[in-house]
Amino acid sequence: MPLHLVLDNYGTHKHPKVQAWLKRHPRFIPHFVPTSSSWLNLVERWFRELTSKRVRRGSFYSVADLQNAIMEFLEAWNENPKPFVWTATVASIQEKLSRCRQTLEQIQPGCTQPRSKKKGKKLSS
């Protein structure tokens, strides 16, 4: 049975050892989300619901017990699904970033300034 993996776009999956492992294990099908995919937070939020309302509260004596608990949760959830809605505005995100930068600057002055590009050797043509 194939197992679909939703992964962030961090570079680890590009390592030759990871690529070789995935090739040897075709059951695992990776799907990479675009960089800065804030919608993934909503997916993570749903898994937090599952974890906090069913998995963490349970005792499971086998994988089958855990699978049954997850399926029961899914059935109950789907009877009255509640969509997760992204409510943050651009302004609220920018304000939060501004507060974060101010705090970081108090801790380590200059740390939020853009890094200067390292001067490298010029390539001759």
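A disulfide is defined here as a pair of cysteine sulfur atoms within 2.5 Å. In the predicted model, a search of the whole structure by this criterion returns 0 disulfides. Cys100 takes part in no disulfide, the nearest cysteine sulfur being that of Cys111, 8.6 Å away. Cys111 is likewise in no disulfide, and its nearest cysteine sulfur is that of Cys100.

Two packed helices are described by the angle between their axes and the distance between the axes. Helix α2, residues 39-55, packs against helix α3, residues 63-79, at an angle of about 115°, and the axes are 10 Å apart. The crossing of α2 past α3 is right-handed. On the α2 side, the contact is formed by Trp46, Glu49, Leu50, Lys53, Arg54 and Val55. The residues they meet in α3 are Leu66, Ala69, Ile70, Glu72, Phe73, Leu74 and Trp77. By residue class, the contact of α2 with α3 comprises 9 nonpolar and 4 charged residues, with no polar ones.

Glu49, located in helix α2, is a charged residue of this contact. Glu49 is buried, with a relative accessible area of 8%. The side chain of Glu49 makes a polar contact of 2.8 Å with the side chain of Lys53. When neighbours within four places in sequence are set aside, the residues in contact with Glu49 are Arg54, Phe73, Trp77 and Phe84. Of these, Phe73 and Trp77 belong to the α3 side of the helix contact.

Notes. Residues are numbered from 1 along each chain as its sequence is written. This is a predicted model: local features need pLDDT of at least 70, side-chain atom pairs count only at pLDDT 80 or more; totals for chains, interfaces and linings use all residues. Side-chain values use heavy atoms; hydrogens and water are left out. Axes are lines fitted to C-alpha atoms, for helices over the stretch in contact, and angles run from 0 to 180 degrees between N-to-C directions. Helices (H or I, at least four residues) and strands (E, at least two) are DSSP runs, numbered from the N terminus. A crossing is left-handed if the near helix is turned anticlockwise from the far one by less than a right angle, and right-handed if clockwise. Contact means heavy atoms within 4.5 Å. Buried means under 20% relative accessible area, exposed over 50%, partly exposed in between (1.4 Å probe, protein chains only). A polar contact is a pair of N or O atoms within 3.5 Å; within protein, one must be able to donate a hydrogen and the other to accept it, and residues adjacent in sequence count only if both atoms are side-chain atoms.
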